[in-house]
Amino acid sequence: MANSKKNEKEMTINLDTLGVPIAIIVSGILIATMIFFASRNNNNVDNGAGNDTTNVTDEGTDTPVDSEVTLGDDPYLGNAETAKVAVIDFSDYQCGYCQRHSTEVYPSIKENYIDTGKILYVFKEFPLSGAGQIGYVTAEGASCVFNLSDSETYAKYHKDGFFLNSKSEVVSLATSLGINEGEFNACLDEGKYQDEIEADQTEGQGAGISGTPGFVVGLIGENGVIQNATLIAGAYPYDTFVNAIEKLLE
């Protein structure tokens, strides 16, 4: 009986001793995980309170854009003969909030403003990663798709291009849209549109965009120069875009 009590006491001491380092290890893992996900989304801007638009204000969405922003030669949807307003979308294919805008907000904008001929919706590339990284390669692929086809095909690529994991997936998406694989690969390998992507990034930065998504909304002026432009910096809900567009249409 004495030996049994002695062993039980020793076991209790050993477990208590092990508990401290185990707790430290678990805490370290949790902290590292939190840091990883925080840094991953550091430049993705969410101001839309998730799916809940209750009590969401437009504060920070009426910042005037002083630098020149133009329609350029970028892909767009809408009727250029009737549209008075342009919404210019700067986004990154590795950005979750950009994807959310594409799936939750953009369809309503398209139905009520693009398809009715009231606005042009212009797509510009703003990859937050560098050349050779998958986000940048996906943006290059988008430029190749547009220049090898048209804006409608580009829009389909843009919708499905988020969070691809490799160049082969980029090629697969493009070819599924009817793009010639050889021409597409040649376009990617030549880095044919890197200068255009850098121009989009420079233009967006000049407009005040530092994270994605970012939108410039304004009147279409001469030579495609956007006038009375304001910045929507972040993943705002649909009503924010309605307010910005309707002010200009009035």
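Which residue takes a positive phi just after α7? Gly208 does, at about 105°. This is a predicted model.

**Helix α7**

Helix α7 covers residues 194–206. Its 13 residues reach 18 Å from the first C-alpha to the last. That is close to the 18 Å expected at 1.5 Å a residue. Five of its residues are buried: Ile197, Asp200, Gln201, Glu203 and Gly204. They cover an arc of only 165° around the axis, which puts them on the same side of α7. Asp195, Thr202 and Gln205 lie on the other side and are exposed. An α-helix has 3.6 residues a turn, so residues three or four places apart point the same way.

**Ala139, a residue of α3**

Ala139 lies in helix α3. Is Ala139 buried or exposed? Its relative accessible area is 1%, so Ala139 is buried. Beyond its neighbours within four places in sequence, Ala139 is in contact with Tyr93, Glu125, Pro127 and Ile197. Ile197 is also one of the buried residues of α7. The C-alpha atoms of Ala139 and Ile197 are separated by 7.7 Å. Along the chain, the two residues are 58 residues apart.

**Helix α5**

Helix α5 spans residues 167–176. Val170, Val171, Leu173 and Ala174 are buried in it. Seen down the axis, these buried residues fall within an arc of 160°, so they line one face of α5. Ser168 and Ser176, on the other side, are exposed. The buried residues of α5 pack against α3, α4 (151–160) and α6 (181–190). After α5 comes Gly178, whose phi is positive, near 95°.

**Two helix pairs**

Two packed helices are described by the angle between their axes and the distance between the axes. The table gives both values for two pairs.

| Helix pair | Angle between axes | Distance between axes |
|---|---|---|
| α2 (96–114) and α8 (238–249) | about 30° | 10 Å |
| α3 and α4 | about 160° | 8 Å |

Take α2 and α8, which pack at an angle of about 30°. That makes α2 roughly parallel to α8. α2 passes α8 in a right-handed crossing. From α2, the contact uses His101, Val105, Ser108, Ile109, Asn112 and Tyr113. From α8, Tyr238, Phe241, Val242, Ile245, Glu246 and Leu249 take part.

For α3 and α4 the angle is about 160°. The two helices are therefore roughly antiparallel to each other. The crossing of α3 past α4 is right-handed. In α3, the residues that meet α4 are Thr138, Gly141, Ala142, Val145 and Phe146. Their counterparts in α4 are Ser151, Thr153, Tyr154 and Tyr157.

**Asp62, a loop residue**

Where is Asp62 placed? Asp62 sits in the loop between α1 (2–40) and β1 (63–64). Its relative accessible area is 54%, so Asp62 is exposed. Which residues does Asp62 contact, leaving aside its neighbours within four places in sequence? They are Thr230 and Leu231. Asp62 and Thr230 are 168 residues apart along the chain. Their C-alpha atoms are separated by 5.5 Å.

Note on methods. Residues numbered from 1 in each chain as written. Predicted model: local features only at pLDDT ≥ 70, side-chain atom pairs only at ≥ 80, totals over all residues. Heavy atoms only, no water. Helix = DSSP H or I, 4+ residues; strand = E, 2+ residues; numbered from the N terminus. Expected span 1.5 Å × (residues − 1). Buried < 20%, exposed > 50% of the residue type's maximum accessible area, 1.4 Å probe, protein only. Arc of directions from axis to C-beta. Axes fitted to C-alpha atoms, helices over the stretch in contact; angles between N-to-C directions. Parallel < 35°, antiparallel > 145°, perpendicular 65-115°, else oblique. Left-handed = near helix turned anticlockwise from the far one by under 90°. Contact = heavy atoms within 4.5 Å.
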